[in-house]
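Thanks for coming, everyone. I'll keep this brief. Please have a look at the structure first.

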Amino acid sequence: MKLIFSIKGDFTTTLVCKWLNFLHKPYLRINGDSNDTQFLELNTFDNTIIFQKNNKIYDLNSANGVWYRKAGLGFKHFKANYGIKDKEILLEDGNELKNIVKEENRTLIKFIHKKLEKKKSVGKQYNANLNKLEVLELAKEIGLKTPKTFIATTKKQLREILKSENELITKSIKDNLYHFTENHGYYTYTEKVNLDNINSFPDIFSPTLFQNLVEKRYELRVFYLKGKFYSMCVFSQNDKQTELDFRKYNNSKPNRNIPFKLPEKIEQNLKTLFNELDLNTGSADIMVDKNGNYIFLEINPVGQFSMVSTPCNFYLERELAKEL
């Protein structure tokens, strides 16, 4: 049995599952945003981890292949009884007992994931959320070129930086921020910052990431899977809508995307970076500037890869299914 951790709406996971069906590989998909899978028992003597889904019993420890796509196990998968109130034990109301139960479950979840990831696996739960600043620093030490990066908190600091850099971009320090309501979706994108538009900034603001603006020739989306790179070139700079962030898709005039072969030295450095981060899969973003320099931006360990697979005919969903 193959074990997959994902979420309900992830179409890439569904495509991989279709390939698993084609290859006659049975699988169990556990969605982090659904409570249809429930923990029943862990037995260290029998070496079993028992869950139930749709009235069927599964031993997760019997899986011979694990893919951590995203989400993983959560509190939805563990029943909790909060019948006793804090004041009956602690002489006061609050959420202390709930917090204790959550910490118990969090410890159990961490143990289960770590145990399962010792098997043949693609992706891991423990390093699915990288620190962007740490990755940039490590990439630079390995020999990859990276953007000049600044964290500023005042308009005065920003003006001083702009005196030498002329133009900057800003984006989130952690992940791109997404928030969904019933009727709307809110996203953060990479945006340009210069002396003309910082007047609207407050004098003091929360720590914010800025980088020098790279005048790019094109950008690369690079998917990595167990030692092999699959790269796509995106000609996003030809469209004002996508020149700073290709995720601002122009559906009426899409960017041109083509397969791309990375230089051997860049591949070697990237492979070293993935190994240092203990990643056997993930998506890297790279820009190639006007002078042909390769500028490493970041790695997303659970990055979307269908957007690379389909335009370039890489059939990555099949390759991943074969790896499991």
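In which strand does Pro 207 lie? Pro 207 is in β13, residues 204-212. Keep in mind that this is a predicted model.

Is Pro 207 buried or exposed? Exposed, because its relative accessible area is 53% and the cut-off is over 50%. Setting aside residues up to four places away in sequence, Pro 207 touches Ile 151, Ala 152, Thr 153 and Ile 173. Now compare sequence with space. Pro 207 and Tyr 230 are 23 residues apart in sequence, and their C-alpha atoms are 35 Å apart.

Next, the cores. The largest nonpolar core has 26 residues. Those with the most contacts inside it are Leu 220, Leu 270, Leu 273, Phe 296 and Ile 299. Elements supplying at least two residues each to this core include α4 (132-142), α6 (264-276) and β18 (294-300). Take Phe 296. Among its contacts beyond four places in sequence are Val 135, Leu 136, Leu 270 and Leu 273.

A second, separate core has 19 residues.

Leu 320 takes us to helix α8, residues 316-323. Its buried residues are Leu 316, Glu 317, Glu 319, Leu 320 and Ala 321. What do they pack against? The partners are α1 (11-22), β6 (65-68), β7 (121-122), β14, β15 and α7 (306-312).

Last stop, a loop. Ser 34 sits between β2 (27-31) and β3 (37-43). Ser 34 is buried, with a relative accessible area of 11%. Leaving out neighbours within four places in sequence, Ser 34 contacts Lys 8, Lys 76 and His 77.

How values were computed:
Residues numbered from 1 in each chain as written. Predicted model: local features only at pLDDT ≥ 70, side-chain atom pairs only at ≥ 80, totals over all residues. Heavy atoms only, no water. Core = buried A, V, L, I, M, F, W, Y, C linked by side-chain atoms within 4.5 Å. Buried < 20%, exposed > 50% of the residue type's maximum accessible area, 1.4 Å probe, protein only. Helix = DSSP H or I, 4+ residues; strand = E, 2+ residues; numbered from the N terminus. Contact = heavy atoms within 4.5 Å.
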